Amino acid sequence: MRHLLSTGDLSRDDAVLLLDTAEEMLSVAQRPIKKLPTLRGQTVVNLFFEDSTRTRISFEAAAKRLSADVINFAAKGSSVSKGESLKDTALTLQAMGADAVVIRHGASGAPARLARAGWIDSAILNAGDGSHEHPTQALLDAFTMRRHLAPSGDRSLEGRRVAIVGDVLHSRVARSNALLLATLGAEVTLVAPPTLMPYGVESWPVETSYDLDTVLAKSDAVMMLRVQTERMNAAFFPSAREYSRRYGLDSRRMAKLPEHAIVMHPGPMNRGMEITADVADSVRSVIVEQVTNGVAVRMAALYLLLSGARDAATTSPATTADLTEGQA
Amino acid sequence: MTAYVIRNASILGADVADVRIVDGVIAEIGTTLDTSDVEVIDADGLIALPGLVDLHTHLREPGREDAETVETGTRSAAAGGFTLVHAMANTDPVADTAGVVEQVWRLGREHGYCDVAPVGAVTVGLAGEKLAELGAMADSAARVRVFSDDGKCVSDAVLMRRALEYVKAFDGVIAQHAQEPRLTEGAQMNEGELSGVLGLTGWPAVAEEAIIARDVLLAEHVGSRLHVCHLSTRGSVEIVRWAKSRGIDVTAEVTPHHLLLTDELAATYDPIYKVNPPLRTADDVAALREALAEGVIDIVATDHAPHPSEDKDCEWAAAAFGMIGLETALSVVQHTMVDTGLLDWAGVADRMSARPAAIGRVASHGRPLAVGEPANIVLYDPSASRVVRPEDTVSMSRNTPYRGIELPGKVVATFLRGRPTVLDGTVVDEASVEEVSA
């Protein structure tokens, strides 16, 4: 694993290694001193062309807990807003010696361009590109599901049923989750009005449905996607009220879920649109926990990409002992 | 002017003969012609075709001389075997007045590498609101007969109807860039399985097909002539086939890149493959090849679209649409149509020379290789091959999608009215000097 661009690039072994490593990282986060020396002397650049406080902070915390030096490069207020190209920004970061670049960009494929165009040698982590993918979000979602739905034993999500509901068409979270969960053996059902279902979704490794109520009864986890109200103006659906009546999760609908099922949301939520406040704040909701797990998963991703010699396909998960060895 | 004898050329890929060129005209065709007092061009193993005619070239001048100029674009055309290119109107300023089209036409004549027939804009500023002065452009020294808002679709049905009607007065043709604008807002690539996975906004086939269907019906209704630019889908082929069977006066073109490349290339996110209309599926490619062989698609046109490197060396969404194609067109046609047995060389001459000249109503190009005809000739070596390297292009721009691909064939020589613009595979630079003094 040299870059993390798409969950579709991960083998099952890669994905399990990332999740297992994240478990170790989570235990670090629960210590009084939440810091490991592992990436000391390495530089991680957070290159954010879109506003995303939560993802940026999560990556920043992850890198700092691994003792990396962190540079936050927000496109607004930098030369990018004066028209510097992605290429020139990449050349600058290369010249500064960035070991990893965490990139959030509005254009689908921008991280893939960084990784392949020959502008920069750093490891590239996709922190969300257009409506393409958001791999660390999918990893933290899978991590959260595993803790709740497969807390012991082989910890496999094989056969677990996950509903992903909402604006699948524009959602990078849905794409990364669909690919990762299929790799992990879970059964994914995408639920959306037909206008918000991607063209060609028949070829994805998922089921699809236009009817949320029938899907809920057999779901182990339901993930609600943010719906931008501006989609309404583009005739994807008639009104916010109709959308939330047909595809929103309220307590009446939540009651159809099996007893053990969890409710997830990648945030930020539109309370009252795709999810009601009482559902978001209910005991089934693991939304806040997703945020906590995000730091652990991103620590695992940075660790596995930057600790070099470790080959994701063959190495066993890191232990806390491994991570701390060499500490002076 | 020097007289030439081309020795042992295979005329249209068939009989081997010598061709004598005197005073810009084919003076004699036969075997073992007398070669005293002439320059002899050895054409052993080479095919002689009539000079190629492109109905769809972007020369970028005036306005984007950082991408291409009339001079560099016509040099590129000559290197590709072309003797006439139609220069698209989406320059800056737009070629929507007699003044601009005459300027472009004159620049072509001055440089002398390849004739330039300017295309006039259909609407003022390509804005799709008001007809440009089509008659003035038709009556100008440039004698414009092809009108197009290429890059943009004349989407307003009434405006399209009026344009089709109006050009009947001077035997013009409307070359439509068929793209329903609302269905393609923000579109980045072919809408299909891959666009959904890549998260790139889709450009659905229906956005092209709906406009072509409307336009052929309009052309029938007003009894005018329609040309469809860069047709790219199987459905479009079916509509054009249907229209022709009804006797509607419609012609259509396909680009070399749509005959060879597919949307799978978008998975690289390398915008060298970003083009409008987008690369389509392998099934569409198969349909386009069959339709070109059948004659349902009349011609190959390059849509040569030069861009400076910074417009391609970026993320996909920020990149410009388009790819260069003049210097690779004949090779791609050989690879996709001749080497596959779909078309013989006489067919290539028809689709790349005779028919495009006929659609553009240019009488002096696209002529047969026969005594008394203007000596517009290309000598082509079909047994050569090369791996395409962007740095080798004669065009000012390097945005070729064939980088690293091995393509067959090589243009060895091009003659424009008896004067070589290319010899030994190299553009002849003193051409312009000779033209001015002639």
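I started with A:Arg226, which sits in the loop between strand S8 (221-224) and helix H8 (240-247) of chain A. A reminder to myself: this is a predicted model.

Entry 1: I checked the UniProt record, and its unreviewed entry places a "binding site" feature at A:Lys82, A:Arg172 and A:Arg226. Then I looked for its contacts, leaving aside neighbours within four places in sequence, and found A:Pro268, A:Met269, A:Asn270 and A:Glu274.

**Entry 2: the domains of chain A.** The domain assignment gives chain A a domain 1 (7-132 + 290-311) and a domain 2 (135-286). I noted that their C-alpha centres lie 25 Å apart. Where they meet, 22 residues come from domain 1 of chain A and 22 residues from domain 2 of chain A. Which elements of chain A supply at least two residues each to the side of domain 1 that touches domain 2? I listed helix H1 (12-29), strand S4 (123-129) and helix H11 (287-306). H11(A) gives the largest share of that side, with 6 residues. Sorting the residues on this side of domain 1 of chain A by class, I got 8 nonpolar, 10 polar and 4 charged.

**Entry 3: the domains of chain B.** Chain B has a domain 1 (4-47 + 373-437) and a domain 2 (51-359) in the domain assignment, and the C-alpha centres of the two lie 26 Å apart. Their contact takes 33 residues from domain 1 of chain B and 43 residues from domain 2 of chain B. On the domain 1 side, the elements that give two or more residues are strand S16 (377-387), strand S17 (406-416), strand S18 (419-423) and helix H12 (431-437) of chain B. S17(B) provides the largest share, 6 residues. By class, I wrote down 19 nonpolar, 11 polar and 3 charged residues for this side of domain 1 of chain B.

**Entry 4: an annotated stretch of chain B.** The unreviewed UniProt entry puts "domain: Dihydroorotase catalytic" at residues 47-234 of chain B. Over residues 47-234 I read 35% helix and 18% strand, with the end C-alpha atoms 32 Å apart.

Entry 5: In the unreviewed UniProt entry, the "binding site" positions of chain B include B:Asn90 and B:Gly322. I located B:Asn90 in the loop between strand S7 (82-87) and helix H2 (98-111) of chain B. B:Asn90 is buried, because 23 other C-beta atoms lie within 10 Å. Not counting residues up to four places away in sequence, B:Asn90 touches B:Leu126, B:Asp150 and B:Gly151.

I found B:Gly322 in the loop between strand S15 (299-300) and helix H10 (329-338) of chain B. B:Gly322 is buried, with 23 other C-beta atoms within 10 Å. With the sequence neighbours up to four places away set aside, B:Gly322 touches B:Val275, B:Asn276, B:Ala305 and B:His307. I was pleased to see that B:Asn276 and B:His307 are in the "binding site" list of the unreviewed UniProt entry too.

**Entry 6: the nonpolar core.** The largest nonpolar core has 245 residues, and A:Val165 is among the members that touch the most others. H11(A) contributes the largest share of this core, 12 residues.

Key
Residues are numbered from 1 along each chain as its sequence is written. Chains are lettered from A and ligands numbered from 1 in the order in which they are written. This is a predicted model: local features need pLDDT of at least 70, side-chain atom pairs count only at pLDDT 80 or more; totals for chains, interfaces and linings use all residues. UniProt positions are given in the numbering used here, feature names are shortened, and annotations may be inferred rather than shown by experiment. Helices (H or I, at least four residues) and strands (E, at least two) are DSSP runs, numbered from the N terminus. Two residues are in contact if their C-beta atoms, placed from the backbone, lie within 7 Å. Domain bounds come from an automatic or database domain assignment. Ala, Val, Leu, Ile, Met, Phe, Trp, Tyr, Cys and Pro count as nonpolar, Asp, Glu, Lys and Arg as charged, and the others, Gly among them, as polar. A nonpolar core is a set of buried Ala, Val, Leu, Ile, Met, Phe, Trp, Tyr and Cys residues joined through C-beta atoms within 7 Å. A residue is buried if 20 or more other C-beta atoms lie within 10 Å of its own, exposed if 12 or fewer, and partly exposed in between; C-beta atoms are placed from the backbone.
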